[in-house]
Amino acid sequence: MQNYEKMNDIFNTYPPMKQKNVPKESLLEHSTRYLKKICTGFYSLIQGMDITLKYFLNPKKVITQQYPENRDTLKMFDRFRGPVSLPHNENGEHACTACGICEKACPNGSISILATKDVSGRKVLGQYIYRISQCTFCGLCVEACPFGAIVLAKDFELTVYDRNELTWVLNKSKSQGSSDTSQGEYS
Ligand code: SF4
Ligand code: SF4
């Protein structure tokens, strides 16, 4: 009984908060507020679609690449890193001396330099083996080469069905059909 009285005292001391009187809106005010909200929502939608609308009205400015339709004209950006390539000099020769520094620099074992000797007994490049399946395109081999003999090409369509086609011999002469950016021949 005592507890009940105590609780009553508490309720009497802290009566429930009364709701403040909210002024009633007229129909005109309500409609105006409603229309304002619709306009604000529509404006924010337009703001959100600003870029989309600009390109829709001016399709010449569209910067999205239409791949693969643009395959013939598509140029990869300067910092793109593709597969390792052995470019030719003006005489159609590779600058590689088969020193093997790039092979040592590669953290993934993607490169094997098979050296041989020419008629004068000088060490020359026999085969430059490149396993693209192990390559992460880090570029460490390119940085390590003291002769600037290798580059990272811009090729990017590299999918094949047979994993054996992912091991390449890079030193193929131009007369054998190799370009400076392509992989030469498969091993
Ligand atoms: S590519 Fe450069 S680092 Fe590699 S073997 Fe040839 S010369 Fe040496
Ligand atoms: S780019 Fe990197 S992973 Fe690829 S062959 Fe060169 S060093 Fe190795």
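Author: Gladly! This is a predicted model, in which local features need pLDDT of at least 70 and side-chain atom pairs count only at pLDDT 80 or more, while totals for chains, interfaces and linings use all residues. Residues are numbered from 1 along each chain as its sequence is written, and chains are lettered from A and ligands numbered from 1 in the order in which they are written.

Reader: What makes up the shell around ligand 1, by class?

Author: A residue is near a molecule if its C-beta atom, placed from the backbone, lies within 6 Å of it. The shell around ligand 1 has 13 residues, with C96, C99, I101, C102 and C145 the closest. Ala, Val, Leu, Ile, Met, Phe, Trp, Tyr, Cys and Pro count as nonpolar, Asp, Glu, Lys and Arg as charged, and the others, Gly among them, as polar. On that scheme the shell holds eleven nonpolar, two polar and no charged residues.

Reader: And which residues are closest to ligand 2?

Author: Those are C106, S110, C135, C138 and C141, out of 13 that surround ligand 2. The classes here are nine nonpolar, four polar and no charged.

Reader: Why is Y130 called buried?

Author: A residue is buried if 20 or more other C-beta atoms lie within 10 Å of its own, exposed if 12 or fewer, and partly exposed in between, with C-beta atoms placed from the backbone. Y130 has 29 such atoms within 10 Å, so Y130 is buried. Its contacts (C-beta atoms, placed from the backbone, within 7 Å) beyond four places in sequence are V84, S110, I111, W168 and L170. Buried residues make up 14% of the 187 residues in the protein.

Reader: Where does Y130 sit?

Author: In strand β3, residues 123-131. Helices (H or I, at least four residues) and strands (E, at least two) are DSSP runs, numbered from the N terminus; the protein has five helices and six strands.

Reader: How do you know that β2 and β3 pair?

Author: Two strands pair if DSSP finds at least two bridges between them. Strand β2 (residues 111-117) and β3 have seven, in the antiparallel sense. S112 stands opposite I129 in β3. The two strands form a hairpin with five residues between them, and G121 in the turn has a positive phi of about 85°.

Reader: How do you know that the length of helix α2 agrees with expectation?

Author: The expected span is 1.5 Å times one less than the number of residues. For the 22 residues of α2 (residues 27-48) that gives 32 Å, and the end C-alpha atoms are 32 Å apart, so the two agree.

Notes
Two residues are in contact if their C-beta atoms, placed from the backbone, lie within 7 Å.
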